[in-house]
Amino acid sequence: MFLFHPALILTTGAIAAATLPGRLRRVSLVVFPSLALAAVLSLEPGTTWVYPVLTVKLVLLKVDALSKVFGVIFSLIALFASIYALHIRNRGEHAAALLYAAGSLGVVFAGDWLTLVVFWESMSITSVFLIWYRGKPRSLSAGFRYLLVHTLGGNALLAGVVLYIAGGGWEVGSLAGGSGSAFWLILFGFAVNAAIPPLHAWLTDAYPEATVTGSVFLSAFTTKVAVYTLIRVFPGVELLVWAGVIMALYGVVFAFLENNIRRLLAYHIVSQVGYMVAAAGMGTAFALNGGTAHAFSHILYKALLFMGAGAVIYATGREKLTDLGGIARYMPWVVIFYTIGAFSISGVPFFNGFISKSIVIAAAGADRRPLVELLLELASVGTFLSISLKLLYFMFFGPARASRPVSKIPLNMYVGMGAASVLCIVFGLFPALLYNQLPYRLYYEPYTVDHLVSSVQLLLATAAGFWLLLPKIGVKNTISLDTDWFYRRPLAVLFQRLVDATHRVDRGSEQAGTLILEASKPYFNNPFLAAERLNELFGSRSAPRGLPGKSEPVRAQPYDEHRYRFPLGVTVFWVMVIFGLTVSLIWIYQG
Amino acid sequence: MRQRMGLVVGALVLLGSLIAEVFYSHPEHAEYWWQTMPGFFAVFGFIGCLVLILGAKILGSRWLQRHDRYYEGGE
């Protein structure tokens, strides 16, 4: 029995990673995530740890089946991603990654809203470093945009939580069926992190600009923590069903147009999270089980896909399909691992996507939503199309545009990919391993003749369509406009205009001030000059013409400022008087 | 040669799946008409794939796709 909060273990791991030298650091990167995983596994559902702080009771840890299964997968992927990143020498990157993972465990086990918000904010602050550490100008600006969007979402959540607590709420629980500003603000905050369009562009903007190993961490935590909170807080909110369906198709369409390999994968995060959001929206026990199971599977195969794409970027230094191709023979193991991830996300039978995605689709059918069911099937056509066919073909096979790889892929990257691959297959072959961990009892058998037949037909037909249109598909060196256009173009122009306008006002007022000062300087030197000038303008006309001699004496005698000064003695006298009065006053009051 | 092999294998698997669907499926579990119709998902997948590819292509070329350096000042 562990007596430490899993997030505390990972935080300690982050400190160790930031301070320990060479080999010890690498040991700590494996040991602490393993300890966190053991700690999560040993938590009994029903456990609650309450810490009274000042006037409130912080519920730092509250375990039930839902939080436990999310805790298991988060600590597991923290371990795999740390192994994948072992070769990285940058201490800061390791520390940021482990703190980020710790934040996700903190949110998942948070029992009250205040704890949840604090860990929620910590996730965006730590994860942005995984983007910035790439060190390219694009990463820097993408990181700032990422941070700004998450600050907006986090503040909306905070405002909602403050309103909710002011209304007497404290413990994290379902808000479904509610309304009012607290409900909508919290939903908005969650929707930003769940990357629900049009609030999703931070994800596809920033994840491809992160470090190779950082994007593996990023792919796992932020969106799936949001899925957890949606399942926990907003089960059965009808709006989410359609938001999820739109996400699933939106991601697929944009992914197909994409040229950057990690941005293509990032659009498929949007698409896959769509299944989970739709499941949360349906809100039945069957659907919530499906959403949870799919989040579990998704974290494994999506991390694996980012690991594979990261290995390609690491080895070749290229990240665009227009610069890749024909490299399969240089990295056969990467091809194998990537294919396992691709088959998992596509729902190929005997891989873990097959056993979890189908629960969500079946739940839509059971919930009498035929259109949702068919549209989600269509999204899985698109998933197979972009990830398994387009990306696999143009990245590894296809026309060779890349020369020999420039760097050798380190062993630890293979270990990370291998571990995730093994689990993708194990959970695909033995679905009960996953089904037994789900929050509700599940009566579902994925391996029926009907299900196998329909999946095989769907995938084969997609492959046929791809093969037929392959000459037309090709890849182009383009990016696609998305909702980040609004803040990268019009808003940026508006901002630039405002800055320019402020700058112009500043410079103009400075020039005007200088002019005024120059013009008024003679009048400060000689106060009588003003009277003289006025006299010249108006006075001379009214003065008798025949007597010019009368105004002459003023000009004859030049102005001498010393004539109008007090003698120094007067000033000294008054200083002495005031000093004497002050001292005597103090003396009187003291006495 | 390899392509032809792939086509033959694909066609055989499709045929096998259709036979399995006709003889071994359990239509009593079906909720909607398409779940009992043999080959529905093959047709759905094929049409869906074409619609997605062509739809995305049109959307991309007409509206969304810009040059790689669009945000850095290129057009």
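A cavity is a set of points, on a 1 Å grid over the protein atoms alone, where a 1.4 Å probe fits but cannot get out, and its lining residues have an atom within 4 Å of a point. Volume is the space filled by probe spheres set on the points, which are joined across faces, edges and corners. This is a predicted model, in which local features need pLDDT of at least 70, side-chain atom pairs count only at pLDDT 80 or more, and totals for chains, interfaces and linings use all residues. Residues are numbered from 1 along each chain as its sequence is written, chains are lettered from A and ligands numbered from 1 in the order in which they are written, and side-chain values use heavy atoms, with hydrogens and water left out.

**View 1. The second largest cavity lies beside helix α4 of chain A.** By the rule above, the structure has 2 cavities of 30 Å³ or more. The second largest cavity holds about 40 Å³ of space. Its lining is made up of Ala85(A), Ile88(A), Glu93(A), His94(A), Ala97(A), Thr213(A) and Phe217(A). Helix α4(A), residues 91-109, gives the largest share of this lining, 3 residues. (Helices are DSSP runs of H or I of at least four residues, strands runs of E of at least two, numbered from the N terminus.) By class, 4 of the lining residues are nonpolar, 2 are polar and 1 is charged. (Ala, Val, Leu, Ile, Met, Phe, Trp, Tyr, Cys and Pro count as nonpolar, Asp, Glu, Lys and Arg as charged, and the others, Gly among them, as polar.)

**View 2. The largest cavity has lining residues from chain A and chain B.** The volume of this cavity is about 60 Å³. Chain A lines it with Arg138(A), Glu258(A), Asn259(A), Asn260(A), Arg263(A), Lys320(A), Thr478(A) and Ile479(A), and Asp68(B) also lines it. The lining divides into 5 charged, 3 polar and 1 nonpolar residues.

**View 3. The largest pocket is lined by 32 residues.** (A pocket is an open set of points with protein on both sides within 12 Å along at least five of seven lines.) About 1200 Å³ of space lies in this pocket. Nearest its centre are Leu389(A), Ala463(A), Trp467(A), Gly6(B) and Leu7(B). Two or more lining residues come from each of α14 (332-346), α16 (370-396) and α19 (449-473) of chain A and α1 (2-24) of chain B. The lining has 26 nonpolar residues, 5 polar and 1 charged.

**View 4. The second largest pocket is lined by 37 residues.** This pocket has a volume of about 870 Å³. The lining residues nearest its centre are Ala362(A), Tyr444(A), His451(A), Ser454(A) and Gln35(B). Elements giving two or more residues to the lining are α15 (352-366), α16 and α19 of chain A, with α2 (40-64) of chain B. The largest share, 8 residues, comes from α19(A). In the lining, 17 residues are nonpolar, 13 are polar and 7 are charged.

**View 5. Tyr146(A) and Trp202(A) form an edge-to-face aromatic pair.** (Rings of Phe, Tyr and Trp, its six-membered ring, pair if their centres lie within 6.5 Å; planes under 30 degrees apart are stacked, over 60 edge-to-face and the rest tilted.) Over all chains there are 33 aromatic pairs. In the pair shown, the ring centres are 5.7 Å apart and the planes make an angle of 65 degrees. Tyr146(A) belongs to helix α6 (residues 137-166) of chain A and Trp202(A) to helix α8 (residues 201-206) of chain A, so that the pair links parts of the chain 56 residues apart.

**View 6. A cis peptide bond joins Pro197(A) to Pro198(A).** The omega angle of this bond is near 5 degrees. Pro198(A) sits in the loop between α7 and α8 of chain A.

**View 7. Leu54(A) has a positive phi.** This residue, which is not glycine, has phi near 50 degrees. Leu54(A) is placed in the loop between strands β1 (48-53) and β2 (56-62) of chain A.
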